[in-house]
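Please have the sequence and the model at hand while reading.

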Amino acid sequence: MTTPHNITLVSPQLVDSTATVLQGIVRETPLDLSARLTNAIDTRVYLKREDTQKCRSFKVRGAYARMAALSPTERERGVVCASAGNHAQGVAYACSHLHVRGTIYLPSNTPRQKRNRIADIGGAWVEQVIVDGTFDKANALAQEAARVSGRTYVHPYDDPLTIAGQGTIGVELDRQMPADTAAVLVPVGGGGLLAGVLTSLQARRPGIKIIGVEPVGAASMRAALDAGQPVRLDSVDPFVDGTAVGQIGTLPFDTVIAQVDDVLVVPEGAVCTEMLELYQSDGVIAEPAGALASTAALHFLANRDVRERLLGGKDGAIVCLVSGGNNDLTRYAEIMERSLRHEGLRHYFLVTFPQQPGMLRMFLEDVLGPHDDIVHFEYTKKNNRDSGPALVGIDLSCKDDIHPLRRRMEASPLHVEELQADSDFYRLVI
């Protein structure tokens, strides 16, 4: 990574000067009151709408800020990055507008829709290299290409100028937030966004609590804070792809550990439920990472005792940062699935039916409740004389209906095994 020699740390002054650089380049995104969240939490809740930013994500701020500081020689050589999503689009946008050649390394599982969008944004200034493997492999190849060729590697979060670019959100919030704002909730992936917002708002609004939010399956900042240093997670759930980072950035960590008020962790299923609510009630199309902050607001701050503990007795407005809106339409089936499972409304069972007439009818009439709905039924015939179990998915109208359903299953002549969501077999068949 090539960094200007005169920049050694992120400061409020660097964020302010970066905001000047980005004037006319990025949008000042709105701060919208959410009636739904306000009613649920019983205090005013605002959404900072970075999903309406250029490239539909805050990432364009940091990418452009970093690339705008390139020297003429560095611009001539070009840049390299690795990403499967928002950072790639931000770099492509900067390449096109600054007339800098860029090579973006993409893992092979990057959806074609995202590849097409990167191509549309970057045009002839951007080349894509598809890597047969994971993001980590693509990232390693990108860094090696930058080292060998002398091109600048544009880091998605572990760079002072990138962090300062993300911190310009704090400059806008200072103008937009109510005077009594109690807390700002910020999604965390590599940590650049949280570090930037912290740097800006702690200087401008020191009384406001700044709280990071991570998904359970990729809580690298929480792990680093607990360990006192960045540590690599043993595994990462890639579902919240915008924050699926196995080890927090060094520069963000140094800023966060010194200033952050808390980092909260929320389950991916709750994020899915909030994504659906944002879309249906607020008209906001959020990607999973974009729903993290408002998920935490509902998960923690709706309880007044917990809110008082987290916010130190402050009782003012809450700001939730919607970090991006690049969500693939094809993912909504999985989002609905995870949401229903999290809410306790969808369950899966392996049901072995005895070889007797009427067993399926008995299951439908005597085991299922009046409001239970079969949403999946897969029955395997092993041979002419024997049958395997049926995989049955059932939706409930109320999560508490699972208890009488289980009792009826136990009382029936059927052999029933309930699949647990954390089992390897569940992940294999669902």
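Which residues does Thr 162 touch, not counting residues up to four places away in sequence?

## Basis of the report

The model is predicted: local features need pLDDT of at least 70, side-chain atom pairs count only at pLDDT 80 or more, and totals for chains, interfaces and linings use all residues. Residues are numbered from 1 along each chain as its sequence is written, and side-chain values use heavy atoms, with hydrogens and water left out.

## The surroundings of Thr 162

Thr 162 touches Gly 62, Arg 66, His 155, Pro 156 and Tyr 157, leaving aside residues up to four places away in sequence. Contact here means heavy atoms within 4.5 Å. Thr 162 belongs to helix α8; helices (H or I, at least four residues) and strands (E, at least two) are DSSP runs, numbered from the N terminus. With a relative accessible area of 1%, Thr 162 is buried. The term buried stands for under 20% relative accessible area, exposed for over 50%, and partly exposed for values in between (1.4 Å probe, protein chains only).

## An open parallel sheet

Four strands form an open sheet in the order β5-β4-β3-β6, and their pairing is parallel. At the edges are β5 (126-131) and β6 (152-153), each of which pairs on one side only. Two strands count as paired if DSSP finds at least two bridges between them. Strand β3 (residues 79-82) is joined to strand β4 (residues 102-107) by four bridges, and the two run parallel. Within this pairing, Val 79 stands opposite Gly 102 in β4.

Helix α6 (residues 112-122) lies across β4 and β5 and runs at about 160 degrees to β5. For such angles, axes are lines fitted to C-alpha atoms, for helices over the stretch in contact, and the angles run from 0 to 180 degrees between N-to-C directions.

## Packing of helix α11

Which residues are buried in helix α11 (residues 250-259)? They are Pro 252, Phe 253, Thr 255 and Val 256. The buried residues of α11 pack against α8 (160-176), α9 (192-204) and α10 (220-227).

## Salt bridges

Side chains of opposite charge can pair when their charged atoms come close. A salt bridge is defined as a side-chain nitrogen of Lys or Arg within 4 Å of a carboxyl oxygen of Asp or Glu. By this rule, the count is 28 salt bridges. One of them joins the side chains of Glu 50 and Arg 61 (2.8 Å, N to O). This pair links distant parts of the chain, 11 residues apart: Glu 50 is in the loop between β2 (45-49) and α3 (59-68), and Arg 61 is in helix α3. Glu 50 is buried, with a relative accessible area of 0%, and Arg 61 is likewise buried at 0% relative accessibility.

Asp 159 forms a salt bridge with Arg 66, with the closest N and O atoms 3.1 Å apart. The partners are 93 residues apart, Asp 159 in the loop between β6 and α8 and Arg 66 in helix α3. Asp 159 is buried at 0% relative accessible area, and Arg 66 is buried at 1%. A further salt bridge connects Asp 261 and Lys 209 (3.8 Å, N to O). Asp 261 lies in the loop between α11 and β9 (262-266), and Lys 209 lies in strand β8 (residues 209-215), 52 residues apart. Asp 261 is partly exposed, with a relative accessible area of 33%, and Lys 209 is partly exposed at 21%. Salt bridges that share partners also join Asp 16, Asp 174, Arg 204 and Arg 205 into one network.
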